[in-house]
Amino acid sequence: MPGVNEEGATGKYDNKGAIFIPGGLIYQDVDEQFIRYESYGKISAKDFRSAIRDAMQNDNATLLYHDGIASAINLDGGFFSKAARRIFTYKKAAFRRTKRISSVSTLEINSNDIIKSHCPTFMNQPYGARTRISTCASVGLIDPPMYYAYNKTELNFSEKQAHRFAQDLGKIREKVLSSEGLVLFPPYIIVCHDTRYKKNNFTGLTRILGLGRYGEFATFTFESLNKDLKNEVHRRNITVQPEEAFGSIDQTPVLGILRVYEQTNPGKRSLKYRLYIISPADVGIPHFSIIEPDS
């Protein structure tokens, strides 16, 4: 295993297209070109999983639409950073109880404040491009009206462009179903980091952004059921069942852990979260044994 703060935790998928974003959030790429993709119409869950694995062979972001996938899209991190900073600064100013401007206090919110609020406590600065783009882009899911207004003004939309973007943005919360009627992907931003961040984590950390209000996000990790994790689930009155393990190392179960963090304020981190055990049956993956390589 690589070190806790080293890259390399996702093997051959390291530094690949591990940001999945609802396509309706993105109007143009870093070269100000309109996003184009080939529509596949209705697709089976099996074919969709295959398309996702193919997309992960490419660098940059993968955009998910109701009828297609656009992979290897290079996004302008500065655009989304500015959008998030402007929107949350304006909202902070609008909801101030006092209307007097103090020379001591400041209304300005920077991108590090926003990112900090959407990362667990063990993720510290400096934040990488993947973390920055994904977090700042999630403002479109947290506050779609403000995000629409910012894009319309900043990109100087024509009436036709504004109407199309409004339609695309309106679809991002809709369920996308397979040809069998299964949900293909949630209306969130999924970020697959290639760093473990914690000693007990196997593979990279996954963050899920845009769940609702500011500061609400989730993480998913594969963790061994060590003493710390046993205490954590015990405090929440959760009983671990044998069939919930994805595998084992030295007869120690490896569990899929989902933590959903609560709302917070810019620059703050919420220490409150709900914990769920995700079993292989939940995601359709059979149990397997993890074998440690020879030293």
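This is a predicted model: local features need pLDDT of at least 70, side-chain atom pairs count only at pLDDT 80 or more; totals for chains, interfaces and linings use all residues.
**View 1. The whole chain, before zooming in.**
Of the 295 residues in the protein, 45% are buried. The protein exposes about 16400 Å², with carbon and sulfur atoms supplying 50% of that area. Take the contacts between residues at least 6 apart in sequence: 67% of them join residues at least 24 apart.

**View 2**
Strand β2 covers residues 61–65 and strand β3 covers residues 68–73. The two run antiparallel and are joined by 4 bridges. Together β2 and β3 make a hairpin, with 2 residues sitting between them.

**View 2. Helix α6 and its buried side.**
Helix α6 spans residues 144–154, and Y147, Y150 and N151 are buried in it. Those residues are on the same side of α6, because they cover an arc of only 95 degrees around the axis. What do the buried residues of α6 pack against? Their partners are α2 (77–94), α5 (139–142) and α7 (159–170). Turn to the face pointing away from the buried side of α6 and you find the exposed residues P145 and T153.

**View 3. The two ends of α6.**
At the start of α6, D143 puts a side-chain oxygen within 3.3 Å of the backbone nitrogen of M146. After the helix comes N156, and its phi is positive, near 55 degrees.

**View 4. T221 in strand β8.**
T221 belongs to strand β8, which takes in residues 217–224. Is T221 buried or exposed? With a relative accessible area of 2%, T221 is buried, since the cut-off for buried is under 20%. The side chain of T221 still has a polar partner: a contact of 2.5 Å joins it to the side chain of E223. As a general point for reading this view, side chains in a regular strand alternate between the two faces of the sheet. Setting aside residues up to four places away in sequence, T221 touches N201, L205, L255, G256, I257 and R259.

S44 lies in the loop between β1 (19–22) and α1 (45–55). At a relative accessible area of 16%, S44 counts as buried, because that value falls under the 20% cut-off. Which residues does S44 contact once its neighbours within four places in sequence are left aside? They are S178, S179 and E180. Another one to look for in this view is L184: it is 140 residues from S44 along the chain, yet their C-alpha atoms are separated by 8.7 Å.

**View 5. Two buried cysteines, C119 and C136.**
C119 is buried, at 3% relative accessibility. C136 is buried too, with a relative accessible area of 0%.

Key
Residues are numbered from 1 along each chain as its sequence is written. Side-chain values use heavy atoms; hydrogens and water are left out. Buried means under 20% relative accessible area, exposed over 50%, partly exposed in between (1.4 Å probe, protein chains only). A polar contact is a pair of N or O atoms within 3.5 Å; within protein, one must be able to donate a hydrogen and the other to accept it, and residues adjacent in sequence count only if both atoms are side-chain atoms. Contact means heavy atoms within 4.5 Å. Accessible areas come from the Shrake-Rupley method with a 1.4 Å probe; for residues, only the protein chains shown count as cover. The arc is that of the directions from the helix axis to the C-beta atoms. Two strands pair if DSSP finds at least two bridges between them.
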